[in-house]
Amino acid sequence: MKIVINGGGKICEVLAPTMHEKGHQVSIIEINKSKVDRLVLCMPSQVLLIHGDGCNSDFQRDAGIEDADIFVTTTGADDVNLVSCEIASLVFNVPRTIARVSNPKNNRIFRRMGIEVVSSTTVISRLIEMEVTDGAAHALLSMTQGDLVIVEISLAAKVTSKAPEGRRVADIAQTLPEESLLVAVGDGKNQHLINGNTVLYPGDSLIAVCKQGSEDKVRKVLSQLW
């Protein structure tokens, strides 16, 4: 996956190497020359560094935005983050844009533009990881106040001959991580709220609420039902 990051601050210093280590192609755009010089010293040599304005389409193009999968902007200026995401989305048709938003009052504006709103390095990393990991829990909404996340998890579609037809939620509740809750289940046609007597079947799609960072733990428990 190709990721372009606008903003070479502290978030970028953690995010870019993490994504590179996971095998993603990473480019960084930073307008401040001193920050670029610092990034040269601390970034893997394979990470492309562009000294320029992330709100300028020419510099986005230099960073490889034309075939990027995700554009992430991490500057501390909401206006810069909004404009750079709009360029990435509207000019270069980047399928996914993720922005750091400093002022919660601006969240609605970003979301109306189809921009995913996050406010921490951990959440951004998890969103990207979940996008490229087969069978992972896909984030639907990150809570801006607190550390909860709403996720969608697809249950394994295949069952062995010895597997039971379904599993009651009450029978598996104790195996889920603390502070996680199964909320709804869908079979492709209908959605139902979950209670203890709800029976889960292979191929179902679940909606769960859990602590940020525990999504894969919830997925692992559910993947071992059959």
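Analyst: In this predicted model, 19 residues line the largest pocket. Those nearest its centre are Gly-7, Gly-8, Glu-30, Lys-35 and Thr-75. The space in the largest pocket comes to about 190 Å³. By type, the lining of the largest pocket comprises four nonpolar, 10 polar and five charged residues. Two elements, α1 (10–21) and β2 (25–30), each contribute at least two residues to that lining.

β2 also takes part in strand pairing. Strand β3 (residues 48–51) runs parallel to β2, and four bridges join the two. One of the pairs is Ile-29 with its bridge partner Ile-50 in β3. Together with helix α2 (residues 33–42), β2 and β3 form a β-α-β unit that is right-handed.

Strand β4 (residues 70–73) and β5 are parallel and are joined by four bridges. Within this pairing, Val-72 has Ile-98 of β5 as its bridge partner. Helix α4 (residues 78–91) belongs with β4 and β5 to a right-handed β-α-β unit.

β5 and β6 make a right-handed β-α-β unit with helix α5 (residues 107–112). As for cover, strand β5 (residues 96–100) has four buried residues out of five, which leaves the strand mostly covered.

The loop between α4 and β5 contains Asn-93. Its phi is positive, at about 55°, although Asn-93 is not a glycine. For background, most residues other than glycine have a negative phi. Asn-93 counts as exposed because its relative accessibility is 60%, and the cut-off for that class is over 50%.

Ser-57 and Ala-88 are separated by 31 residues in sequence, while their C-alpha atoms are 7.9 Å apart in space. With a relative accessible area of 26%, Ser-57 is partly exposed.

That leaves the cysteines. The structure has zero disulfides. A disulfide is a covalent bond between the sulfur atoms of two cysteines, and the cut-off used for such a pair is 2.5 Å between the sulfur atoms. For Cys-42, the closest cysteine sulfur is in Cys-12, at 8.0 Å, so the gap is too far for a bond. Cys-85 has its closest cysteine sulfur in Cys-55, and because these two sulfurs are 9.2 Å apart they are too far for a bond as well. The two residues also fall into separate accessibility classes: Cys-42 is partly exposed at 38% relative accessibility, whereas Cys-85 is buried at 1%.

To return to the pocket, β2 is one of the elements that supply at least two residues of its lining, and β2 is also the strand that pairs with β3 in the parallel sense. Glu-30 is among the lining residues that lie nearest the centre of the largest pocket.

How values were computed:
Residues numbered from 1 in each chain as written. Predicted model: local features only at pLDDT ≥ 70, side-chain atom pairs only at ≥ 80, totals over all residues. Heavy atoms only, no water. 1 Å grid on protein atoms, 1.4 Å probe; cavity = no way out; pocket = protein on both sides within 12 Å on 5 of 7 lines; lining within 4 Å. Points joined across faces, edges and corners; volume = space filled by probe spheres on them. Nonpolar A, V, L, I, M, F, W, Y, C, P; charged D, E, K, R; others polar. Buried < 20%, exposed > 50% of the residue type's maximum accessible area, 1.4 Å probe, protein only. Pairing = 2+ DSSP bridges. Right-handed = clockwise from strand over helix to strand, strands pointing away.
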